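Q: I'd like to learn how to read a few features of a model like this one. Can you take me through them one at a time?

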Amino acid sequence: MEVGYIELAIGSILISNFILAKFLGFCPFFGVTRKMSDSIGMGLAVIFVMALASAVTAALYRHVLLPSSPEHANVLALAGIPLPPEGLVLVLKTISYILVIAGLVQFVEMVLKKSVPALYRALGIYLPLITTNCAVFGVALLNTEAWRDPNGLPIHKATFNGFCGGVGFLLAMVLMSSIRERLAESRIPKALRGLPIAFLCAGLMALAFMGFTKLFGIAV
Amino acid sequence: MAVWEQIGPYLTGAWLVLGALAVVFGVVLAVANRFFSVTVDPRQAEVEEALPKANCGACGYGGCAAYAEAIVLGKADCNLCLPGGAETAVRVGKIMGLVVAGLTPKVAVIKCQGSYANTSDRFRYVGERDCRAAAATQYGQTACPYGCLGFSTCVRACPFGAMVMDAETGLPRVLEAKCTACGTCAEVCPKNIIEILPKDRYVHVLCRNRDAGKAVRQVCKVGCIACHKCEKVCPVEGGAVHVNDNLAVVDMQTCISCGKCAQECPVACIGNFRSLRRKARKQAPAADAA
């Protein structure tokens, strides 16, 4: 089944929002949402890394991990290296994706440090933490799941899906930070102050996002 | 070794893929490191280390890191850090190879004595327990429109825990031993009651009310009524205390902290911090020894 762009966008931003429906990437969701400006910076960085990681991992999946097919050629098979009939998917998927994401984040970090030092300082520890952010890894894995497309999403759609996943991440971050900025000024029972009330809010937001299930008849 | 026989022939491919990925990213990152490397003056880290890291912004820069950068680039003087005071200025100066002239330590002074006993409220305020919100409601609930609202906004804002709320008076108090004069409290106070003043000046007018004497008398027992008595007793030539706009103000440049005006003031709105600070100075070495 071919997946359209609109379905991908609505699917990753609303229906299966990475934070509020898939419960991935909670570390920055609670760590960087104390201030609106920081959460926007983090969201933008995640959009960038997710889109880039999706593009690279989709290419890797199609041309290195999957066995050759009429639509796309396997680089290793072209070089005459023996491959198992199902390709290297099971053996190398996880480890090669992690390698790619780690490398990309390192690269982004260097670029930011040089060109946008203010954003680099604002993101602080959370930029290197994107390396081990399960949302980024999750989008790479989900893009290349067989149920979406037997060969994984094509590179341009994977990139778009990664971008939309990042937008959904940004949306959740902005919603959460605006709630927490209000919470900071409210009278809250002592036992719930700080993180506990944030977790309660996150639970209610996730509940609300469940209302998007099967939105416009899109099943994701 | 059935497993080995199954995967053995394909290991070459797996090794190659991971090896190639490692090499590609290794090369890309190495090249990026050359192109995007940022050379940082090693003194910047040292200067940052010497600063108090309160990130209060009293120096005029966005946090200690930004100030350290400005110092190293020669854009800022090294004595702008108020929390660090003279000690930090000298240490930073040493790193930068500069000689630093002495700095007078400063301290926050709360210029209102409108305690529960001395003044009253015009109405009952039930909104947000924050002075800035209260000040936006009919200038605040206190009878004196210039007075402290007492919702602890300054106490919460203090990054050093140098302020406490006195439950008896309903006024904040500055713990001068902890106060670094960063000015955060003065900035958040909607009534501009808190001032950062030199620590070696002991006499301050603890009132902000600029109304005429009669109006002040009606709202507060210890408000400045602009009677000019302090002006008359001041021994300094030309006077170190002047009444402007119905409010006495001590001139920090000329005041000799003799305390005569504080004794003479009929409403006791001039405070003398001499004994308080002398006691603190005596206790400080004892505390260090312990």
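Q: At what angle do H5(A) and H2(B) pack, and how far apart are their axes?

A: Axes here are lines fitted to C-alpha atoms, for helices over the stretch in contact, and angles run from 0 to 180 degrees between N-to-C directions. H5(A) and H2(B) pack at about 5°, and their axes are 10 Å apart. Angles under 35 degrees count as roughly parallel, over 145 as roughly antiparallel, 65 to 115 as roughly perpendicular and the rest as oblique. The two helices, H5(A) and H2(B), are therefore roughly parallel. By class, their contact has 18 nonpolar, four polar and two charged residues. Nonpolar covers Ala, Val, Leu, Ile, Met, Phe, Trp, Tyr, Cys and Pro, charged covers Asp, Glu, Lys and Arg, and the others, Gly among them, are polar.

Q: What should I keep in mind about the model and its numbering?

A: It's a predicted model, where local features need pLDDT of at least 70 and side-chain atom pairs count only at pLDDT 80 or more, while totals for chains, interfaces and linings use all residues. Residues are numbered from 1 along each chain as its sequence is written, and chains are lettered from A and ligands numbered from 1 in the order in which they are written.

Q: How many helices and strands does chain A have?

A: Helices (H or I, at least four residues) and strands (E, at least two) are DSSP runs, numbered from the N terminus. Chain A has ten helices and zero strands.

Q: Which residues of H5(A) are buried, and what do they pack against?

A: Buried means that 20 or more other C-beta atoms lie within 10 Å of a residue's own; exposed means 12 or fewer, partly exposed is in between, and C-beta atoms are placed from the backbone. The buried residues of H5(A) include Leu92(A), Tyr97(A), Val100(A) and Glu109(A). In chain A, the buried residues of H5(A) pack against helices H3 (36-65), H7 (126-130) and H8 (134-143), and in chain B against helix H2 (11-36).

Q: How many residues of chain A are in contact with chain B?

A: Two residues are in contact if their C-beta atoms, placed from the backbone, lie within 7 Å. By that rule, 22 residues of chain A are in contact with 19 residues of chain B. Helix H5 (residues 89-115) gives the largest share of chain A's side, 13 residues.

Q: Which residues touch the most other members of the largest nonpolar core?

A: A nonpolar core is a set of buried Ala, Val, Leu, Ile, Met, Phe, Trp, Tyr and Cys residues joined through C-beta atoms within 7 Å. The largest one has 66 residues, and Cys224(B) and Ile270(B) touch the most other members. Cys224(B) sits in the loop between helices H9 (213-219) and H10 (229-233) of chain B, and counts as buried with 27 C-beta neighbours inside 10 Å.

Q: Where does Ala181(B) lie, and what is its phi?

A: Most residues other than glycine have a negative phi. Ala181(B), not a glycine, has a positive phi of about 60°. Ala181(B) lies in the loop between strand S3 (171-174) and helix H8 (184-188) of chain B.
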